[in-house]
Amino acid sequence: MTAQTTLANLDLSKAELTGGTLKVTSPIDGSVLAEVHQTPEAEMEAVFARSKAAFKAWRTVPAPRRGELIRLLGEELRAAKDDLGALVSWEAGKITSEGLGEVQEMIDICDFAVGLSRQLYGLTIASERPGHRMMETWHPAGPVGVISAFNFPVAVWSWNAAIALVCGDTVIWKPSEKTPLTAMACQKIFERALARFGDAPDHLLQTVIGGAALGEALVASEDVPVLSATGSTRMGRAVAPVVAQRFGKCILELGGNNAMIVGPSADLEMAVRAIVFSAVGTAGQRCTSLRRLIVHNAIREELLSRLKKAYAGLPIGNPLDQGTLVGPLVDEAAGEAMTESLKAAAAEGGQVFGGNRVTKGVPDGVYMEPAIVEMPNQTSVVKTETFAPILYVMGYDDFDYAIEMQNDVPQGLSSCVFTLNMREAEQFLTAAGSDCGIANVNIGPSGAEIGGAFGGEKETGGGRESGSDAWKAYMRRQTNTVNYSAELPLAQGVKFDI
Ligand code: UN1
């Protein structure tokens, strides 16, 4: 199916796809998919005002009823899965299965949010005063700003939007300017759910299309009490102080530098499969991608030779072709960043395997051989996130040292250990183990399910999205004390008789 058919199936009209100033190209072959219209910066104040007005109405709709909208969104996503998945492939360059997987992740979070809409529980708290009752109530927070990245152009939006909407918030979405089409398609899908829902206020979701200035407006606006941003650490460093200055709340999901420790007892066949999926899947462009392999010296050579064999046979090419496992990088700049990092790694003592640009038998995009780089230790390039399929390999002898090495980077998103030794497995998950937001045993660091809270520590930004109790960040907490007695006792035994 062509990109144009996919766009038409997703209800995007010629008028929306032509004549605009933002050119959208496909990483697959560099072809121009559309020229879309950008939201004028001057329009942002009106966007905020509309969102605030919608919030006033939406916050009083009972949460389970709000859940019904998300149930319908899940149904519409199921119906649009093939087309939206294909558009993710066209616009972000993912292989077919990963494009579809991304839409499945959206469906899953909708299911989660529907259940959540009946479970926005607060506590009942024992009061120290007679005839008093205390409780905690969770209220909607207000318009939520969502800034998302090209690599998960739709799933990360859905984690935020599905939860925010059942929490009674409204959403303003600024997608990456590299992937506006999937966002526009989601807005349409959402509107189909809205039409079936019936009586929702207008402008529950507004998608703004354009560059950094729109994001900056969102970050600075007093009308946006919660700002969820996914992207680079550099972006997070710019966003966080501005939001803090106005006492807004940030949910940051920034860089990762995810490691796997492979112990001497590991099931190597499983480890190899996990390594290859997490290091080269999505062409190394997940924030959870595996970037560092910390392997026990007793099995290092064996593991490396199996990995190099697997890497040498990887099908690289058009992500829409059946059987392809490695698609293109998003653009030329990403290819250059990969090449630069490999040069730096070599200069820092690394031995590079792979990493060349593939030009034969592939369309006209940035296709790179995934690289394995044996490093003498964790030099500066290893501590930096490069959004490309580069796997740095370091050896270790002592498990405590391996954990130290795993933690000795500025980022703290995801991590894992491959071992059949339960002492190592358990140690990895303790307070003295991995310092990351996600720590796994015998599975890779990427491809997390939506049920858990997603996010990480240190330069990853500290935010948590998706499952568990991540919803609390999208609401404001209120402590209530009710006096049903005829007395007015003061807490802490204070006397103040007049
Ligand atoms: C991201 O790369 O920004 O855990 C999100 C994963 C996916 C989400 C990645 N479920 O790899």
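Select strand β9 (residues 249–253): four of its five residues are buried, so β9 is largely enclosed by the rest of the structure. Buried means that 20 or more other C-beta atoms lie within 10 Å of the residue's own; 12 or fewer means exposed, anything in between is partly exposed, and C-beta atoms are placed from the backbone. Strands (E, at least two residues) and helices (H or I, at least four) are DSSP runs numbered from the N terminus. The model is predicted: local features need pLDDT of at least 70 and side-chain atom pairs count only at pLDDT 80 or more, while totals for chains, interfaces and linings use all residues. Residues are numbered from 1 along each chain as its sequence is written.

**β8 and the crossover**

Two strands pair if DSSP finds at least two bridges between them. Threonine 230 has glutamate 253 of β9 as its bridge partner. Between the two strands the chain passes through helix α9 (residues 233–245), and this β-α-β crossover is right-handed. Right-handed here means that, with the strands pointing away from the viewer, the path from the first strand over the helix to the second runs clockwise.

**The ligand**

Which residues surround the ligand? The shell is made of Glu105, Asn151, Phe152, Val156, Thr230, Arg286, Cys287, Thr288, Ser446, Gly447 and Ala448. A residue is near a molecule or strand if its C-beta atom, placed from the backbone, lies within 6 Å of it. By class, the shell has four nonpolar, five polar and two charged residues. Here Ala, Val, Leu, Ile, Met, Phe, Trp, Tyr, Cys and Pro count as nonpolar, Asp, Glu, Lys and Arg as charged, and the others, Gly among them, as polar. Colour domain 1 (3–254 + 461–479) and domain 2 (258–441) separately: both give residues to the shell, so the ligand lies between them. The domain bounds come from an automatic or database domain assignment.

Move to strand β16 (residues 390–396). Seven of its seven residues are buried, so β16 is largely enclosed by the rest of the structure. Ile390, Tyr392, Met394 and Tyr396 point one way from β16, whereas Leu391, Val393 and Gly395 point the other way.

Show strand β11 (residues 290–296), which pairs with β16 in the parallel sense over five bridges. Valine 295 stands opposite glycine 395 in β16. Then show strand β15 (residues 371–374), which is joined to β16 by four bridges and also runs parallel to β16. Two pairs to pick out are valine 373 with tyrosine 392, and isoleucine 372 with leucine 391.

β12 and β15 run antiparallel, with four bridges between them.

**An open sheet of three strands**

Select β3, β4 and β23, which form an open antiparallel sheet in the order β3-β4-β23. β3 (124–125) and β23 (475–483) stand at the edges with a single partner strand each, so one side of each is left without a neighbour in the sheet. β3 and strand β4 (residues 132–140) pair over two bridges in the antiparallel sense. At this pairing, threonine 124 is opposite methionine 135 in β4.

Select helix α7 (residues 180–197). Its 18 residues should span 26 Å at 1.5 Å a residue, and its end C-alpha atoms are 25 Å apart, which agrees. The expected span is 1.5 Å times one less than the number of residues. Among the buried residues of α7 are Pro180, Leu181, Met184, Ile189 and Phe190. After α7 comes glycine 198, with a positive phi near 100°.

In helix α6 (residues 155–166), pick leucine 165, which counts as buried with 27 C-beta neighbours inside 10 Å. Aspartate 108 is 57 residues away from leucine 165 in sequence and 15 Å away in space, C-alpha to C-alpha.

**Two loop residues with positive phi**

Threonine 282 lies in the loop between α10 (268–280) and β11. Threonine 282 is not a glycine, yet its phi is positive at about 55°. Is threonine 282 buried or exposed? With 27 C-beta neighbours inside 10 Å, threonine 282 counts as buried.

End at aspartate 11, in the loop between α1 (3–9) and α2 (14–17). Aspartate 11 is not a glycine either, and has a positive phi of about 70°. Aspartate 11 is partly exposed, with 16 other C-beta atoms within 10 Å.
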